[in-house]
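Hello,

Here is the structure I promised to pass on to you. Have a look at it first, and then read my notes below.

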Amino acid sequence: MEENSKESFYITTPIYYVNDVPHIGHAYTTIIADAISRFKKLADCDVFFLTGTDEHGQKVEKAATEKGLTPLELADKVVVNFKKLWEALHISYDYFIRTTQPLHEKGVQKIFQKLMDKGDIYKGVYEGWYCISDETFLSDDVPLEEEGCKICPDCGKKAHVVSEDCYFFKLSAYQKSLLDFYQKNPTFVRPQSRMNEVVSFVSQGLKDLSITRTTVKWGISLPRDPSHTIYVWFDALHNYLTGIGYDWEPKHFRQFWPANVHLIGKDILRHHAVFWPAFLMAAEFALPKIVFAHGWWLRDETKMSKSKGNVLDPWAILETFGPDPLRYFLLREIPVGLDGNFSHEGFIHRVNSDLANDLGNLVQRLLVMIHNYFGGQINNMGEEKDSDRRLHLEFDLLKEKVGQHYEEYALNRALEEIWAYINSVNKYLAENEPWKLAKDNARRGRLGRILYQAACALRGIIPLIFPVMPESSQKIWKFLGEKAPLQEENFFGLEFFHFKSDQKTQKPAPLFPRVNLKDFLKEEESQEIIPSKEETMDVITFDEFKRMDFKVGEIMKAEQVEGTEKLVKMEVNIGTETRQMVAGIADKYSPEELVGKKVIVIVNLKPAVIRGVESRGMLLAAEVGGQAILPIFTEDVPAGAKVR
Ligand SMILES: [Zn+2]
């Protein structure tokens, strides 16, 4: 076998606790990890992406008993829920670790024993205020309440004094080593504010950690003292080692350890940035390179939590939008590290403007024009002008900038840059007006060049978008007529002219649904259909009918008329010419799904000006419940065909 010469990259999410339903917070961490993992794969790294579930502890035991299940039966069910969600979100993890797997349990027991033998773990008695709900001893600075008890600052429940025999890890012995390590690795914790928090916490002195329980049965027991169960945090953190083969696939383990980045929520920073490196130092493992603490998604400015009942269910969004709009929104809206506020208004606005309008329109417009004017195949004909070259030069800069942002986990910045470029391509098309050039056979070379240049630009950005929107980018990739899998592209080897001359492109299908906020929130109950008034029918003569000129028109371009909810301005090809028409159909059809549609048009109607926009002709549509429904043809008909 050939020796692997690629750079290895190991990324993890926390393992999620099975006493929980998968919610937007879990989805967020995992989507970040997935996007970075996909980027690193495109950048030609050998990537390992680990996620999984934390299945031990008192809360799981309690929840299982309440449901009449064994803890493992409960975990099995929850694991299925997590895996289903990851599949629906297109999460491409390489391994899913469960802390109930024997390979994990044995690894943890082995490390525990190693630290015992070294003297880093010793037996003693622990007494402290303990929150059962959070399975954690309260820190000493939590004040006593009036009734002489302590309240857990995390969940607000009453804590209990617990005193028990237990094993301690000598965390206090690692204070200096930790501080030295932070000083040498000032970007170990990101963002920087979190690093400062950690340094300040460790500087105040560290107490030894109790790492076993005799009161909890559901967990990994100590082989030499089986009345003790290893405490969940000591158990869980070691998944990062066992999940890549520690003690069961040593070669794989050596390839990927230390981790390049542990992605976590900021609520588990101390465990990952203080306890975990100390455990690793004690067991003589190399330390991870980065612990990246991301922020929380808030709703109405408060943290989502099960107890507050304001948790956002990702399935509600997935069912309507599919995975990419959610992935895009979560990564675009805020920098990794800061808190964000999730509102349906904000979400739908982003989807409609960035995805349906900017990207969706570009794909539709461009590919429909290539199809209509060149039968789906274009080449680099015509001379290249400065404005054409600009698109190319901008792309070369874009690729570098986006690559840097991805490397820095600045996913929102990467997307900002890509969308600025998308708008630049849209502007290029708008300024060059290919639909006008198409009317003039003498300018066919120029038309071809413009469409070719825009196709190169679109082809170029697809691998840049792929880490964030794998499903849509694969669709666009296929529309562009690319044969090789998108995953095999090399991010830093991308070239503007990789779009090949005479590549056979396809007519695109709509990519992103345009969803109305009210429809989504179902504020409007079932719409009432107002029965039309009975009217005496006006009779026209056959001659009068014959005077009306109906034709098949093809919509070449469509955009919503600014400041209106329903009006769409279109360029409609009626065979002999392309005309501008306006119709009140935006509530039913998005501009990009209109492009390419064949409709019935009355062409000899007196031109009218609607909201300041001239309409030369009118589309026929059925009116149902206040909405216009366009008739469709069951066979392919050419634009300009007469309708009688
Ligand atoms: Zn608590």
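**Salt bridges in the model**

Asp44 and Lys6 form a salt bridge, with their closest N and O atoms 3.5 Å apart. A salt bridge here is a side-chain nitrogen of Lys or Arg within 4 Å of a carboxyl oxygen of Asp or Glu. Asp44 sits in the loop between helix H1 (24–42) and strand S3 (46–54), and Lys6 in the segment before strand S1 (8–12), so the pair ties together parts that are 38 residues apart in sequence. Helices (H or I, at least four residues) and strands (E, at least two) are DSSP runs, numbered from the N terminus.

This is a predicted model, in which local features need pLDDT of at least 70 and side-chain atom pairs count only at pLDDT 80 or more, while totals for chains, interfaces and linings use all residues. Residues are numbered from 1 along each chain as its sequence is written, and side-chain values use heavy atoms, leaving out hydrogens and water.

How many salt bridges does the structure hold? There are 36.

Another one joins Glu408 and Arg190, at 3.7 Å from N to O. Glu408 lies in the loop between helix H14 (386–407) and helix H15 (411–432), and Arg190 in strand S8 (residues 189–190), 218 residues apart. Arg190 is buried, at 19% relative accessibility; buried means under 20% relative accessible area, exposed over 50%, partly exposed in between (1.4 Å probe, protein chains only).

Arg459 and Glu482 also form a salt bridge, at 2.9 Å between the closest N and O atoms. Both residues, Arg459 and Glu482, are buried. Shared partners join Arg459, Glu482, Glu489 and Lys500 into one network of salt bridges.

Best wishes
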